[in-house]
Amino acid sequence: MVSFDDAFRRQLHELFVWRRDVRRFRSEPLPDGTIERLIEIACLSPSVGLSQPWRFVIVDDAARRRAVIEDFKSCNADALRSYSGERAAKYAALKLSGLEEAPGHLAVFAEKTDQIGSGLGRATMPETTEYSVVAAICSMWLAARAEGIGLGWVSIFNPGRVHEILETPDTWKFIGYLCIGYPEVECDRPELEQAKWESRRGPDEFTIRR
Ligand SMILES: Cc1cc2c(cc1C)N(C[C@H](O)[C@H](O)[C@H](O)COP(=O)(O)O)c1[nH]c(=O)[nH]c(=O)c1N2
């Protein structure tokens, strides 16, 4: 039996407030086994029918990392072209990945065809497979922050190209690419808010009653 006290709850709330999407990393390496430990925590996450559809690729190979960075640059240039005027100038000034600096690279996929869980909960909502993997990434994100480690989620990729670069099975769906390392700065506000791209809104704006 385990229970949590008020002091823990306050600290946990601070963890939620201070978790950040990190794009600026210090160069120092992560202690051996850090990514494996974060994966272990991710595997404690909820998943539809206990299907555990998460699949992880620790990307160590320099040539593959370089290819991933090239794909990001190409997709980011395309994204920039979709904006104009002041928004385009603002977009161009954003730093949207720490791929070059982060000591850890982790690609995360969802296995869509595995029989683990025997389809429970997925018949009418097959997308719950992907939702389960996102839940795992969120666990990892918070666990990393609790240890002073930063995690940055990068989605500015051509998923087909990521598959090619990492030679992953066809049945895996690309969910996200994570940069992992020690953050340069700690902050309690999203970087996109600091850059005046968007601001964090209150829950009332997103909640209705019926
Ligand atoms: C699915 C998904 C995909 C992305 C992101 C997040 C999620 C959930 N985020 C991070 C996102 O910008 C960030 O979470 C918000 O700006 C809020 O900031 P904090 O996470 O609170 O620091 C993100 N950030 C970034 O710089 N490049 C990216 O490609 C992405 N992609």
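A: Axes are lines fitted to C-alpha atoms, for helices over the stretch in contact, and angles run from 0 to 180 degrees between N-to-C directions. Helices (H or I, at least four residues) and strands (E, at least two) are DSSP runs, numbered from the N terminus. This is a predicted model: local features need pLDDT of at least 70, side-chain atom pairs count only at pLDDT 80 or more, and totals for chains, interfaces and linings use all residues. Residues are numbered from 1 along each chain as its sequence is written.

Q: At what angle do the axes of α3 and α6 cross?

A: Roughly 170°, with the axes of α3 (residues 62-81) and α6 (residues 159-166) coming within 10 Å. Angles over 145 degrees count as roughly antiparallel, so α3 is roughly antiparallel to α6.

Q: Which residues make the contact?

A: Two residues are in contact if their C-beta atoms, placed from the backbone, lie within 7 Å. Here R64, A67, V68 and D71 of α3 meet R161, V162, I165 and L166 of α6.

Q: Now the sheet: what is the strand order?

A: Two strands pair if DSSP finds at least two bridges between them. The open sheet of four strands runs β1-β2-β4-β3, with antiparallel pairing. β1 (54-58) and β3 (150-154) each have a single partner strand, so one side of each lacks a neighbour in the sheet. On average, neighbouring strands are turned by 30° against each other, direction ignored.

Q: How many bridges join β2 and β4?

A: Eight, between residues 104-111 of β2 and residues 172-181 of β4. E111 stands opposite W172 in β4.

Q: Which helix lies across β1, β2, β3 and β4?

A: That's α5 (residues 128-146), running at about 5° to β4.

Q: And which residues are around the ligand?

A: A residue is near a molecule if its C-beta atom, placed from the backbone, lies within 6 Å of it. Those around the ligand include R20, D21, R23, W153 and P190.

Note on methods: Angles under 35 degrees count as roughly parallel, over 145 as roughly antiparallel, 65 to 115 as roughly perpendicular and the rest as oblique.
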